[in-house]
Amino acid sequence: MSSAAQITIPLPSLPEGWSAEKDFKAVGHISSAAQRCIEPVGPHFLAHARRSRNKRTFSEDDRIQAQENAKKVEDGEESDASEPEDPMMLQLQAKDWKTQDHYKVLGITKYRWKATEEQIKKAHRRKVLKHHPDKKAAQGATEDDQFFKCIQKATDVLLDPVKRRQYDSVDDEADVEPPTKKQLQKGDFYKLWSKVFKSEARFSKSHPVPTFGAVDSGKDHVEEFYNFWYNFDSWRSFEYLDEDVPDDNENRDQKRHVERKNASARKKKKAEDNTRLRKLLDDASAGDERIKRFRQEANAAKNKKRLDKEAAEKRAADEAQAKKEAEAKAAQEAEERAKTERESSKKAKEAAKNAIKKNKRVLKGSVKDANYFSAGGDASASQIDAVLNDVELVQGKIDADEIAALAGKLNGLTVADKIKAVWSDEVKRLVAAGQLKEGDAKTLS
């Protein structure tokens, strides 16, 4: 065993002639004492307070806390318990994954599009622990792993933001059916319709989405609701239902045919969905007592004005007939002028609208005349879509006068390079003005 030795080392002597008065320089000073209040906080203080209050030792407190945490985990697992499995669902085949209900496969139909990523992962773990082929084999089961593959596919789709959005776009199980006449007779009209539009609101590109409201909602709220929904901008794309596109290079014609077919099908489904939503709004507004009340109030105000006018005319009946005829004639002339002005304004608006439509046709026709800027041969469907999308993008960034000016430049041009030059100049102008970002409308640049 080694021993410790104590060594005395003297301090070095000061230089000869050194003195504190002339050689010592202070670089600062010690601040005066200050009294401060310190509040004990943090997990360690809370643990200390818990042990002191319950008179526990460190080991006792750690053991009890571990038991409570384990109980919380178990309670959480039980609250998120998987839903009962339909025996028919277990017969699903992996090849039919597109038609399966992914939320039902994972047992989270009560959440559907509201399910969080963590809930999906938990549901996947529960299903894997129950249906993994190795576990089935260990239990002596002989069935195949088709349903396990369905579980894996459901998880892949729902954990991919793009694929999940595509699936949610066609998930009819999350829809709330409009109330029937019988339900409306027994239930609250506004609560029943509120559920429907709350379900539809998940497809809105813009938020917040106005709510349906209640029977006592004001006129401004009701008008805002119907204006928003009659101009509803939905993100539903219906891509999930697309027919698979062949990826071999030898069958390009078939690939283009399938792409066009898918685009046409999506467009048709989009139109059908818009029609469905419009019918919902028509049915809701037809039974909305608030609208009827607003109309009655407007008619009452209008009738009051009419009655007041009649009373005034009756009081003025004793006045000179000439003055009465003059006033009637002046009122008639004013009405005719107002009518003429309204008709003129209406015609001007229609003419301006038709001019815009005509100019937009010129813009689209110009890229068509330029063969959609294809290097050679017929333009592909994707090239056409890309060019037309960029044309729509540019049109959306400029006003009617700028559209007319651009149409004037393109009108009569037939050479693709000249048409491309006009479009390129317009894109550059919009980028310089900050209306487009660099790289936007690439096919027109």
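Reader: Before we start, what are the ground rules here?
Author: This is a predicted model, in which local features need pLDDT of at least 70 and side-chain atom pairs count only at pLDDT 80 or more, while totals for chains, interfaces and linings use all residues. Residues are numbered from 1 along each chain as its sequence is written, and side-chain values use heavy atoms, with hydrogens and water left out.

Reader: Ok, Ser169 then: buried or exposed?
Author: Ser169 has 0% relative accessibility and therefore counts as buried, a class that means under 20% relative accessible area, with exposed over 50% and partly exposed in between (1.4 Å probe, protein chains only).

Reader: And what is Ser169 in contact with, beyond its neighbours within four places in sequence?
Author: Ser169 is in contact with Phe203, Trp235, Arg236, Ser237 and Phe238, where contact means heavy atoms within 4.5 Å. A polar atom of the Ser169 side chain also lies 3.4 Å from the backbone nitrogen of Phe238.

Reader: Switching topic, where does Glu117 stand on accessibility?
Author: Glu117 is partly exposed, with a relative accessible area of 48%. The C-alpha atom of Glu117 is separated by 68 Å from that of Leu11, and these residues are 106 residues apart along the chain.

Reader: Last one, why does the largest pocket lie between the two domains?
Author: Both domain 1 (78-173) and domain 2 (175-287) give residues to the lining of the largest pocket, so the pocket lies between them; the domain bounds come from an automatic or database domain assignment.

Terms used
Polar contact = N/O pair within 3.5 Å; in protein donor to acceptor, adjacent residues only side chain to side chain.
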